[in-house]
Amino acid sequence: DNVQILRDLSLLQVQLRDTRGFLETRRRLLTLKSTNKMHWIAYAVANHLDGKGNEAIKVIDAYGETVKEEGRERNYENSELALYRNLLLEESGKYDDALAHL
């Protein structure tokens with residue numbers, strides 16, 4: 001599997017609004033390069049676009065488990081991921097969970 005070809009394919013799929021294909025391609029990329037944060041986030045976004053918000057939350061949580069919590073510094077990138085997770089919680093009607101997460 002060529003990572004660059006899969007990335008290009010995923011861009012084409014999202015532009016064509018082929019959310020199922022985008023989801024599958026992003027899953028394959030995550031499987032190939034699971035140490036890359038970008039692939040975790042893209043897979044979460046693919047789940048979100050395919051209407052699977054709860055699955056996207058699980059992906060973000062799984063990514064959080066792969067990095068050491070005490071080693072993570074608070075920065076803009078991590079805060080944006082936390083806000084995205086809260087957006088997903090809000091969209092799925094889990095307002096109390098979103099408030100607790102903030």
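## Helix H3 and its packing

The buried residues of H3 (buried meaning under 20% relative accessible area, with a 1.4 Å probe and protein chains only) pack against H1, H2, helix H4 (53–66) and helix H5 (76–91). The model is predicted: local features need pLDDT of at least 70 and side-chain atom pairs count only at pLDDT 80 or more, while totals for chains, interfaces and linings use all residues. Residues are numbered from 1 along each chain as its sequence is written, and side-chain values use heavy atoms, with hydrogens and water left out.

In H3, the buried residues are Lys37, His39, Trp40, Ala42, Tyr43, Ala44, Ala46 and Asn47. The end C-alpha atoms of H3 lie 18 Å apart, which agrees with the 18 Å that its 13 residues should span at 1.5 Å a residue, the expected span being 1.5 Å times one less than the number of residues.

Gln13 belongs to helix H1 and is buried, with a relative accessible area of 11%. Leaving aside neighbours within four places in sequence, Gln13 is in contact (heavy atoms within 4.5 Å) with Asp18, Gly21, Phe22 and Thr25.

## Confidence

The mean pLDDT of the chain (the predictor's confidence in each residue, from 0 to 100) is 89, and 93% of its residues reach 70 or more.

Definitions and conventions
Helices (H or I, at least four residues) and strands (E, at least two) are DSSP runs, numbered from the N terminus. Buried means under 20% relative accessible area, exposed over 50%, partly exposed in between (1.4 Å probe, protein chains only).
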